[in-house]
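Here is a brief report on one chain.

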Amino acid sequence: FGLVINRFLEIENQLNPALELYYQSISSDCTSLMRFLNAINMVEYFSNEFDKENSETVKRKRNPERDAPTLANKIESLFKNVNVLYDFDEPQILKLATRIKKGRTYYVHYVKNSIKLNDRELLIYHCLLEDVILFNVYLQLRIDLQYFVDEKIPLKCGTYSIDELLSFIKE
């Protein structure tokens, strides 16, 4: 436990903006759309501060012509970091990352090649992104995610299990 506290103190200033966004997202009474957009902000911040190298690796594989990782690259990288908890295959992660990016593009830019997400998707994606960020924070604090797997701690979004919410991804 002391190692986790020491690590937190090392990265506290860098981590605080992500934790503030996370806390605001889970504690405020806002719409699923606002929680989704807040979760996107968390992804952008966390990826830029803590996951730059991994998102660059994804970018080189998916978008070598780009100068910087896309939002989809960042989402894919963050999911891969914690995939021991979800057990998605690569096409499922890519499908999630692409759909989330296209949903964000719709709500921020309202342009072609974007997707208006339905209420269920907004709920799923904001819950998933909040959890993915939280688990990536745990990794930064050097907390072993295998504990969650070994103890069979269920991943939940409200009253729904992640498996229920993601049945369409596993198809």
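Ile5 sits in helix α1; helices are DSSP runs of H or I with at least four residues, strands are E runs of at least two, and both are numbered from the N terminus. This is a predicted model: local features need pLDDT of at least 70, side-chain atom pairs count only at pLDDT 80 or more, and totals for chains, interfaces and linings use all residues. Residues are numbered from 1 along each chain as its sequence is written, and side-chain values use heavy atoms, without hydrogens and water.

Ile5 is partly exposed, at 36% relative accessible area. The cut-offs are under 20% for buried, over 50% for exposed and in between for partly exposed (1.4 Å probe, protein chains only).

Now the whole chain. Its secondary structure comes to eight helices and two strands. The order from the N terminus is α-α-α-α-α-α-α-β-β-α.

| Chain property | Value |
|---|---|
| C-alpha span along principal axes | about 50 × 40 × 30 Å |
| Buried share of the 171 residues | 44% |

Next, the core. A nonpolar core is a set of buried Ala, Val, Leu, Ile, Met, Phe, Trp, Tyr and Cys residues joined through side-chain atoms within 4.5 Å. The largest one has 41 residues; Phe36, Phe79, Tyr86 and Leu129 touch the most other members. Elements giving two or more residues to this core include α1 (2-27), α2 (32-50) and α6 (119-140). The largest share, 10 residues, comes from α6.

Which residues does Phe36 touch? Leaving out residues up to four places away in sequence, its contacts include Ile100, Tyr107, Leu122 and Leu129. Contact means heavy atoms within 4.5 Å.
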